[in-house]
Amino acid sequence: MFSMLIVDDHRHVVDSMAQTLERMPGISTLYKAYNGLEALDIIVANKIDIVITDIRMPGMSGLELIKEAKKYNDALKCIVLTGYAQFEYAKKAIELQAVDYLIKPVKDEEIIVIVGNIIKGLEDKLKNEDLLETVLMRKNLPLLKNSLLRELLETPPEANHRDLAEKLNSYGLTIQIGEQFRLVLIEMGQEFDKYSRADRGLIEYSVLNIAEEILLTDFDVWSGQSHQDQLVLIIRWPAEWNETQLAHLKEKWAKIRTNVQNYLKGEASVYVSRTGIFPGEIPAAYREGLENINISSLNGSDFFCIQDELTQESYKVEALASVHRTPNLMQLMDSDNWDGATDKLAAIFEELRMKWPYSQAHMKEAYFHIIGCFMHFAHRKGLILKEIAGMGDVLTQGRGRFRSGEQLEQWACRVLALIREHAVQLDSPHAHYRNVSIIKHYIQENLGGDLSLRTIADHVYLHPVYLSKIYKEATGQNLSEYIYMERMEKARQLLIENQYKIYEIAQRIGYQSTQHFIREFKKHYGVTPKAYISRQS
């Protein structure tokens, strides 16, 4: 249904036309205005679809009204009325994309036909838009469902789910707010680690399809993939369900596993959460699932784990002994024992292979220990790890990047070699002199600013202690001494130029206190700044 506005400075014209059109099919609301300014206020405050306006009105003409109204609603359909058959009016109406141009007096039959045609056009447009929206919805439905699933996995429990019910209905999802659910996480076996990211994505898509096809006969399932590339299913779990349904879910998983083995030539394992209330308890169930799927994988690459059945025995694990055995990796790198560091990596990954071949938890322990050692050493040497390794933000990618100990070992050995190469280059005299040149230029350009050791170190991407060390080795001078000398020399030059007051010079070279500057200047040159100016004169 559409809304219409009739505008004319002759009240009887407006009232008569309103009486003719107010009961017309397709018109839900009819507004009346008796001048252009009043009409514009109505257009600004309401959604108007059709405007019928006289041209010649006091204050604001009908053509001016149309021009202004189009700024608020470019799709507005306008019919122009006039008592004068003047070409310029018609020409301007056409320029403003008026639908029709009528000469008064207008017959009821004529205006009814014109408005009827406009309404039909608007209805056809709405139908086409609805059809297009339906087609786009159907085409993008998997993406929309997965996007919503990701949002729920990460949304805080107290978040406002105002639009959630409407989205669930639009996407054809049966679970409703306040109902019970169980979350299912699927872990792909290491047989799939050899595939490229694109190929693995296709395999994971196939696994979700297999799981949905088998489960949907008895369960309401919503599947997708989290931002961490974890395969996730949300299963609607009515409150009256009991152990019978859990046993049935386990039977279904056995069929899914068989299909994955037969068609995709690999293993897949599953973790089933305890029941929760949708959607507020989804994030907590997901976090608990990520933790426990790593614990469950200690038993091998094929498991079916239900949170309700986990016991304290399930959580008994041991730390990687080789990681903590001295000398550790950090000690070996700090002492430049690169062969020893290489052997330490080999020992860590040998223990992973022999004792914890399926443990994502132990692979993460090794990963975070190794990357921590690498970052510590790189920062101490003034390096940025991601620039050395060309790896982007590996710390946040975590398990999505390394799905097997073999992949992690290859990466660790490569990065260790690159760090060793850069460390040798950084210790060369040429590298020191290049850094000193950059430091001096920065100081000269920022004498009036913050020249703390931390600020300068951040500018050249070096650790403050390391910066002081290489500067002293290259110049035989402390960095603070060089800053002091540069400030005094700059002050002397500014005094000779005689363009600034003494307090202005103090500020320009980084002294907040004028008295402090005067004392330092006298200590360096033997006279006060004022006396120095007099001497130069």
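The structure is a predicted model, in which local features need pLDDT of at least 70, side-chain atom pairs count only at pLDDT 80 or more, and totals for chains, interfaces and linings use all residues. Residues are numbered from 1 along each chain as its sequence is written, and side-chain values use heavy atoms, with hydrogens and water left out.

Helices are DSSP runs (H or I, at least four residues) numbered from the N terminus. Axes are lines fitted to C-alpha atoms over the stretch in contact, with angles from 0 to 180 degrees between N-to-C directions.

| Pair | Axes | Angle |
|---|---|---|
| Helix 20 (residues 479-497) and helix 22 (residues 514-525) | within 11 Å | roughly 95° |
| Helix 20 and helix 23 (residues 529-536) | 9 Å apart | about 50° |

Helix 20 is therefore roughly perpendicular to helix 22 (65 to 115 degrees; under 35 is roughly parallel, over 145 roughly antiparallel and the rest oblique).

Helix 20 is oblique to helix 23. Their contact involves Arg 492, Leu 495 and Ile 496 of helix 20, together with Pro 529, Tyr 532, Ile 533 and Gln 536 of helix 23.

Ala 211 lies in helix 7 (residues 197-215). Its relative accessibility is 0%, so Ala 211 counts as buried (under 20% relative accessible area, with exposed over 50% and partly exposed in between, for a 1.4 Å probe and protein chains only). Beyond its neighbours within four places in sequence, Ala 211 contacts Ile 186, Leu 233 and Ile 256.

Terms used: Helix = DSSP H or I, 4+ residues; strand = E, 2+ residues; numbered from the N terminus. Contact = heavy atoms within 4.5 Å.
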